[in-house]
Amino acid sequence: MSEARKEVNCLGLECPLPVIEAKKALAAVEEGSWVDISVDGNTQVQNLTRMAQNQGFLVETEPLGENFIVHIQKGKEQAEAEASAPAAGPTTVVFSSDCMGRGDDELGHILMKAFVFSVTQMDPLPDRLIFYNYGVKLTTVGSPVIEDLKRLSQAGMEIFSCGTCLKHLGLEDQLQVGQVSNMYDILEMQLKSGHLIKP
């Protein structure tokens, strides 16, 4: 096995970027190689450790002043292969709000932006995204995630926004990505999904 090492500087990067950068680096090296990721917070260390353990990789953490270096040795990607096995039907992500979770709306908007960006980094990608209620604000003019959604659309992902919701919110002529749908079709798509994800 190779003992090569690859360094990845993730200092100053907020989650989920360190995990995304680490996964890219691991994908680019041979089995047995080490990837050393520099981070500046315990949360990033925990996320990287969990990701590595889920893949079945060896992981070690080294403190470096106020920062940390997470060392991950690439092994056989059995866990990832099992996790990416085909589902019984398409994977659908449903957005009923432009805000993730309840409580602090400012935090919720930050989390939603991070969630949509994380979707762009998935492999394989989900099959479709459905937006209704305030979720349609994410597919219309002024959305902070519109560029990510356009990239997903260009990659072949189906994107649907509820027509009744767009009309009710006065956004009928402001749709920027995907197509308009109706509640019957939205229900049918959810019923036929193998995996249904609601952030």
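What you're looking at is a predicted model, where local features need pLDDT of at least 70 and side-chain atom pairs count only at pLDDT 80 or more, while totals for chains, interfaces and linings use all residues. Residues are numbered from 1 along each chain as its sequence is written, and side-chain values use heavy atoms, with hydrogens and water left out.

Let's start with the whole chain. The protein chain has 7 helices and 9 strands; these are DSSP runs numbered from the N terminus, with helices being H or I of at least four residues and strands being E of at least two. Along its principal axes, the C-alpha trace spans about 60 × 35 × 25 Å. Of the 199 residues, 41% count as buried. Here buried means under 20% relative accessible area, exposed means over 50%, and partly exposed lies in between, using a 1.4 Å probe and protein chains only. The accessible surface comes to about 11400 Å², and 49% of that belongs to carbon and sulfur atoms; such areas come from the Shrake-Rupley method with a 1.4 Å probe, and for residues only the protein chains shown count as cover. Now for contacts, meaning heavy atoms within 4.5 Å. Among those with a separation of 6 or more, 69% are between residues 24 or more positions apart.

Rolling a probe the size of a water molecule over the atoms shows where empty space is left. On a 1 Å grid over the protein atoms alone, a cavity is a set of points where a 1.4 Å probe fits but cannot get out, whereas a pocket is an open set with protein on both sides within 12 Å along at least five of seven lines; lining residues have an atom within 4 Å of a point. The second largest pocket has a volume of about 290 Å³, where volume is the space filled by probe spheres set on the points, with grid points joined across faces, edges and corners. Its lining includes Glu 14, Cys 15, Met 100, Lys 113 and Phe 117. Helix α4 (residues 105-120) gives the largest share, 7 residues.

Next up, salt bridges: a side-chain nitrogen of Lys or Arg within 4 Å of a carboxyl oxygen of Asp or Glu. A search of the whole structure finds 5 of them. One joins Asp 36 and Arg 5, with the closest N and O atoms 3.0 Å apart. This pair links distant parts of the chain, with Asp 36 in strand β2 (residues 34-39) and Arg 5 in strand β1 (residues 5-9), 31 residues apart. Asp 36 is buried at 9% relative accessible area, while Arg 5 is partly exposed at 48%.

Arg 151 and Asp 148 meet in another salt bridge (2.4 Å, N to O). These two are separated by about one helical turn, because they sit 3 residues apart in helix α5 (residues 146-154). Asp 148 is buried, with a relative accessible area of 9%, and Arg 151 is partly exposed, with 46%.
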